[in-house]
Amino acid sequence: MINLLLKRLVGSSLTCSYPPDVSVSVSVMKLQLLRTNLKHLSFIGRGFSSGLNLALARKGILVKDKAFHNLNSSELQQLGATIPESLSGLPLHIRGNVLEGASAISRTQFNKLLMQVTSHISSISNVFVHDGAIGSSPKCDAKVRVISDSPSAVLSLSNVLWKTPSRAVSHDSCPLTVYVATSIGPGITDIIGLGPQGTNGFIVGDVDHSSLVLCGKAFLDTVGTKEALASLSGPIISARGGLPLSGRLLVIRDSVVLLFAPENTIKSCADKLVSADAGVILSSLGAVTLFQNGSSVGSNLVKAPAAVIVASSDSSGNIPSVSKLSPGQAAYHFLAGYQNGKFLPAYSKGPSSIDPLDLANAFLSKLKVNQIPSFLVNVRHGEKSLTGKGFIKLVESTLSKNIPPLQTKACDLQEKYKSFLSGKFQKLPEELSF
């Protein structure tokens, strides 16, 4: 029986966790560790689940003593979990980030990193596992399994991910796996060439592997972790009929508006947002946020947007205060992300595994199929920016009035758009226009 399990586990573990270019010596090491682990299964008491332990073994994690699964916050705290002060700006690298070009982390480096991290977690007595999801709509979410050497990391990440039914991850065809190694040695930074930059921790993901590694105190960098998770989950969400966008959901009375806007505008109306974090899934079911939040205006909200607001910032006077857009125009201005002289394609600041032009084309399709009205709002009036209550009042007025379509004469701004987009993307569909 043990030999049969060994054969199954070694094959699946190596296939899922380590690509063919990893040394054969790894298989020998895993075989020896698995044999030892399996011989002691009958002696592992509370904390052992054969199904969970076998699933972890397929990911290269061999439970030394106990695996705690989906504990609530009080249970995690009883086991020593705390939430220290948050960090920000830790090194973040995503293999498969289309906005970055060639990755700073090679495939070989990532494979070595993953080997070291799984070996480290396997050496810790207690392993903490948490299952969750990115997006609260089961039909187009991305399931996530967190495997950690620390209850504190699980407590932190459980406040980010949406809850998901038990066994949902084990039954999912392509879940993401997050490996958290908080107590791994400082030498781990040398594997990926970070040196002193990674002293406090770092975040490294691989889209092809559907894997994310958080080392050191990286789990405390919530912004970086969310950016990494959003990037890795993009292809999964898209394959399930959802469209991951770097927007927000703005609540106006009984309506929800899908908003793309400059950061100062976002901050000024944070109390009206379902979540201040960028990240929305748009689907035929409606729109939901990627991650949990503590906002009082809504949480697990699945509702079709009443409108799309694309907020631009232009002090030249070429963009009116507010105007109605065709679906093609909305996709064009969404793709440009123009903000007073600078362009931010698809309004996305973080890494992305989906090309912005592909997002714009999919966005165009969603607008047409779901017949969502779209508007362009200029939040820049001379030297002043329209923010806070003034911006909310304008949005409310836009939803209730008959807004004229965008009509502009040929101007330098249009040429600026055209020059940037044609240089950034090879060929734009004819339907996308200013």
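Biologist: In what sense do E4 and E5 pair, parallel or antiparallel?
Modeller: Parallel, over five bridges, with E5 covering residues 176–181. Strands (E, at least two residues) and helices (H or I, at least four) are DSSP runs numbered from the N terminus, and two strands pair if DSSP finds at least two bridges between them. This is a predicted model, where local features need pLDDT of at least 70, side-chain atom pairs count only at pLDDT 80 or more, and totals for chains, interfaces and linings use all residues. Residues are numbered from 1 along each chain as its sequence is written, and side-chain values use heavy atoms, without hydrogens and water.

Biologist: What stands opposite Ile-147?
Modeller: Tyr-179 in E5.

Biologist: And which strand is joined to E4 by seven bridges?
Modeller: E3, residues 126–134, which runs antiparallel to E4. In that pairing, Asp-131 stands opposite Arg-145 of E4.

Biologist: Is E4 mostly covered or uncovered?
Modeller: Mostly covered: seven of its seven residues, 142–148, are buried, meaning under 20% relative accessible area with a 1.4 Å probe, protein chains only. Ala-142, Val-144, Val-146 and Ser-148 point one way, and Lys-143, Arg-145 and Ile-147 the other.

Biologist: Switching topic, which residues touch the most others in the largest nonpolar core?
Modeller: Leu-258, Phe-260, Phe-334, Phe-363 and Tyr-417, out of 42 residues. Such a core is a set of buried Ala, Val, Leu, Ile, Met, Phe, Trp, Tyr and Cys residues joined through side-chain atoms within 4.5 Å.

Biologist: What is Phe-363 in contact with?
Modeller: Beyond its neighbours within four places in sequence, its contacts (heavy atoms within 4.5 Å) include Leu-243, Val-308 and Ala-330.

Terms used
Buried means under 20% relative accessible area, exposed over 50%, partly exposed in between (1.4 Å probe, protein chains only).
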